[in-house]
Structures are given as C-alpha cells and as structure tokens.
Amino acid sequence: MSYTFSVPVWLGGKENSMELLEQRICKDGKIYAGDVLKIDSFLNHQMDVDFLSVLGKEFYRLFADCGVNKILTMEASGIGIACMTAQFFHCPVVYAKKGRSSNMASDVWRSQVHSYTHGSDHDVVVSRQYLGEHDRVLIVDDFLARGSAAMALLNICRQAGATVVGFGVCVEKTYQEGERLLRNAGVRVEALAKIKRMTPDGTIEFDR
C-alpha cells in the first residue's frame with residue numbers, strides 16, 4: 001500500500017489525526033523481525049517537526065481541559081513529540097533519564113524499566129526538583145506496547161504525589177498489554193494510531 005504525502009494541515013479531530021498518522025506509517029514504516037515497527041525516519045530519530053506539531057496539537061485538543069502544567073516522557077525517543085505537545089500547553093517538559101548522570105542531584109524519583117529488546121532492566125530517574133505534588137502531568141510517548149516504560153513513568157509520578165491526567169501515545173500496539181495495564185491503574189489512554197496486527201511481509205492492520 002502506498003501513499004502520496006505532503007506536509008499536513010491540522011484538520012481538527014481525532015479521526016483526521018489518526019488517518020494522517022496511519023498514512024505516514026504505511027508510507028515510511030518498516031517492519032523487522034521480532035515484531036519491530038521502525039518509523040524513526042519521522043518520529044524519533046529523524047524528526048519531521050511539522051508533522052509532530054500536528055500530533056502535538058491533537059494531544060492538546062484531547063487534554064486541553066485537564067489543567068496540564070507538566071509533560072513527562074522517557075529518554076530519548078519520546079522527547080520530540082513531548083516538546084511539540086508542550087508548545088500548545090505552554091508548560092515544561094521533563095524526561096526520565098536512564099540512570100543518574102554525574103551532574104544530577106542524588107535527590108531523585110526512581111523507577112525500573114524492563115527492556116524486552118535487550119532482555120535487561122535499567123533504572124530511570126527524575127529530579128525531585130522538577131516533579132512534585134502540585135503538578136498535573138500528561139505523560140507523552142512515541143510507542144505503547146507492553147507498557148513497561150509507561151508504568152515506570154506512572155510510578156515516578158505517584159512517588160512524587162503528582163496527578164496524572166492521562167497518557168498520550170503516538171502509536172499503540174493494541175494486541176499487547178500496555179493499555180490494559182494503564183487503564184487498570186486508572187489512567188486515561190489516548191492513542192493516535194492503533195495497530196492490531198503486523199506481518200513480516202509488511203502488512204499493517206489498524207484498529208479503529
């Protein structure tokens with residue numbers, strides 16, 4: 001399936017944003033062994049800023065009435081979409097760092113993420129200076145699959161006493177358990193593209 005794609009104009013509404021992202025995934029996405037979808041040519045390695053701005057504006061539309069004053073994401077692939085979302089909320093972006101760098105204060109919130117790709121666990125941290133009980137947090141990320149990273153961010157917010165208003169994700173694999181884990185934890189989830197099946201021959205089936 002092929003598409004002709006140009007710089008998008010935000011048309012308003014979740015259906016239009018979903019269609020734009022689905023088209024872009026079909027145009028530029030690549031499927032690799034191990035159920036891996038690579039869309040890093042526009043989303044998280046090379047970033048199409050105009051396109052990400054469209055997605056960020058949709059997250060703003062979805063969560064505009066939630067009193068968001070902080071956006072939280074994970075280092076490093078979520079930073080682009082988080083920043084493009086924050087411009088509409090006019091609020092800071094905080095990202096969880098992998099491990100603690102030498103120049104970060106020891107006073108941090110900490111959680112653990114399991115990497116299914118590498119088969120290992122690692123800590124992520126957020127300085128207590130940047131996340132606290134007065135924050136109303138929108139968690140934003142590029143992918144939601146098994147939910148390990150999302151649950152780690154939720155855990156950090158709960159340690160901080162912050163209120164999580166929701167989780168906004170660009171692409172969700174609905175056949176994995178990430179959304180269920182978040183909803184069972186009482187978190188609202190909004191995905192701009194939902195994939196219910198991928199095959200090695202390049203077929204992507206979306207879930208509306």
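Modeller: Helices (H or I, at least four residues) and strands (E, at least two) are DSSP runs, numbered from the N terminus. Buried means under 20% relative accessible area and exposed over 50%, with partly exposed in between (1.4 Å probe, protein chains only). By these terms strand β7 (residues 136-144) is mostly covered, since seven of its nine residues are buried. This is a predicted model, in which local features need pLDDT of at least 70 and side-chain atom pairs count only at pLDDT 80 or more, whereas totals for chains, interfaces and linings use all residues. Residues are numbered from 1 along each chain as its sequence is written, and side-chain values use heavy atoms, with hydrogens and water left out.

Biologist: Which strands does β7 pair with, and in what sense?

Modeller: Two strands pair if DSSP finds at least two bridges between them. Strand β3 (residues 70-74) is joined to β7 by three bridges in the parallel sense, and here L72 stands opposite I139. Strand β8 (residues 163-173) also runs parallel to β7, with eight bridges; L144 has E172 of β8 as its bridge partner. From β7 the chain passes through α4 to β8, a right-handed β-α-β crossover. A crossover is right-handed if, with the strands pointing away from the viewer, the path from the first strand over the helix to the second runs clockwise.

Biologist: Where does antiparallel pairing occur?

Modeller: Strand β6 (residues 120-127) takes part in two such pairings. Strand β4 (residues 93-98) pairs with β6 in the antiparallel sense over two bridges, with K98 opposite V124. Strand β5 (residues 108-115) is joined to β6 by eight bridges, again antiparallel, and S111 has V124 as its bridge partner.

Biologist: How is the length of a helix judged, and what is the span of α4?

Modeller: The expected span is 1.5 Å times one less than the number of residues. Helix α4 (residues 148-160) has 13 residues and reaches 19 Å between its first and last C-alpha, close to the 18 Å expected. Its buried residues include L153, L154, I156 and C157. Just after α4, G161 adopts a positive phi of about 80°. Helix α2 (residues 49-63) has 15 residues and should span 21 Å; its end C-alpha atoms are 21 Å apart, so the two values agree. Among the buried residues of α2 are F51, L52, F59 and F63.

Biologist: Is D28 buried or exposed, and which side chains does it meet in polar contacts?

Modeller: D28 belongs to helix α1 (residues 14-28) and counts as buried because its relative accessibility is 17%. A polar contact is a pair of N or O atoms within 3.5 Å; within protein, one must be able to donate a hydrogen and the other to accept it, and residues adjacent in sequence count only if both atoms are side-chain atoms. The D28 side chain makes such contacts with the side chains of R24 at 2.6 Å and K27 at 3.2 Å. Contact in the wider sense means heavy atoms within 4.5 Å. Leaving aside residues up to four places away in sequence, D28 touches K38, S41 and F42.

Biologist: Why does G186 count as exposed?

Modeller: Its relative accessibility is 65%, so G186 counts as exposed. G186 lies in the loop between α5 (178-184) and β9 (189-198).

Biologist: How many disulfides does the structure hold?

Modeller: A disulfide is a covalent bond between the sulfur atoms of two cysteines. The criterion is a pair of cysteine sulfur atoms within 2.5 Å, and the structure holds zero disulfides. C91 is buried at 13% relative accessibility, and C170 is buried at 0%.
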